[in-house]
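Trainee: Could you walk me through a few backbone and ring features in a structure? I'd like to learn how to read them.

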Amino acid sequence: MRLSMLRKFAPDPLLGDAMMTEDQRDHPVVQAIRRRRDEGSRPGARTDGRRIALVIEGGGMRGVVSAGMAAAIEQLGLGEAFDEVHGASAGAFNGAFLIAGQASYLAALYPHGFGDPKFVSLRRAIRGRPLFDMDYVIGEVWRTQRPLRVDRILSGAIELHCTATDVDRAAIVDLTDLTTEDEIRDALRASARLPWLAGPPVPFRGRRLLDATLAEAIPIHAAQTSATDLLVLQTRPHGVHHTPLSGGVAQLTDRYLDKVNPALVELRVGQ
């Protein structure tokens, strides 16, 4: 298993920009990706004997960082160099738009939708409803106002993997083999369903699911089961650890999780 991790956004992340934490140009994964582009390799018709996965970290609005990185990958003509794309939470959004050939489009969309008062509403939260309305973004903005080209995901050969947290097992789950538009949108909802802040668990294929980052912010383990090589997009610089929830939010989150499944509290604290 070969793994390359890009930790900071750079205008040219694969070709080695000065903004990067380290020069990755000679890394074998980066070389394999560039070779695929240069040789015109296409998903589903590889000849190099490798299966390369793109893994995208989640992290709420930090997703705009990996959205920029995915846009750079797209603009460099490297989007079709991957066989599968794994994303957690916001990383799943970025992965879906990349497969659809809309990564640059999404990077410009973050203020539209996520910056809309219909998405975040304290008044709605006071009434006992979710503070964040992800269904509005996924089901309205990305369906009618600024459409995600789900048809391209369904017709393409690159596999989309959205990770989420299985509420009853308190474990990461890999949502893939998505065959309809509704399945793709439901998988995106599940991957980013923040506990209590964004609503109840999302039902999907007999499971109850919450935000992927409760169990694993960087979905490496799911990718390792099928890929020979991984390129990981991190939204935090190397050495910068996960920022814990503030005291009040942590207490409310843990109180909610304890009612759903007490094992989720321990899982969240361990992240």
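Predicted model: local features only at pLDDT ≥ 70, side-chain atom pairs only at ≥ 80, totals over all residues.

Trainee: What is the phi of Ala 170?

Mentor: General idea before the case: most residues other than glycine have a negative phi. Ala 170 has a positive one, about 55 degrees, although it is not a glycine.

Trainee: And is Ala 170 buried or exposed?

Mentor: Its relative accessible area is 15%, and buried means under 20%, so Ala 170 is buried. Ser 89 also has a positive phi, near 60 degrees. Ser 89 lies in the loop between strand E3 (84-88) and helix H3 (90-99), and is buried at 6% relative accessible area.

Trainee: Now the rings. How many aromatic pairs does the structure hold?

Mentor: There are 4 aromatic pairs. In one of them, the rings of Phe 97 and Tyr 105 have centres 6.4 Å apart and planes at 40 degrees, so this pair is tilted. Planes over 60 degrees apart count as edge-to-face, and that's the case for Phe 97 and Trp 142, with 75 degrees between the planes and 5.0 Å centre to centre.

Trainee: Which parts does the pair of Phe 97 and Trp 142 tie together?

Mentor: Phe 97 lies in helix H3 and Trp 142 in helix H7 (residues 134-145), so the pair ties together parts that are 45 residues apart in sequence. Phe 97 is buried at 0% relative accessible area and Trp 142 is buried at 1%, whereas Tyr 105 is partly exposed at 30%. Together with Phe 93, these residues form one aromatic cluster.

Methods
Residues numbered from 1 in each chain as written. Heavy atoms only, no water. Helix = DSSP H or I, 4+ residues; strand = E, 2+ residues; numbered from the N terminus. Buried < 20%, exposed > 50% of the residue type's maximum accessible area, 1.4 Å probe, protein only. Phe/Tyr/Trp six-rings, centres within 6.5 Å; stacked < 30°, edge-to-face > 60°.
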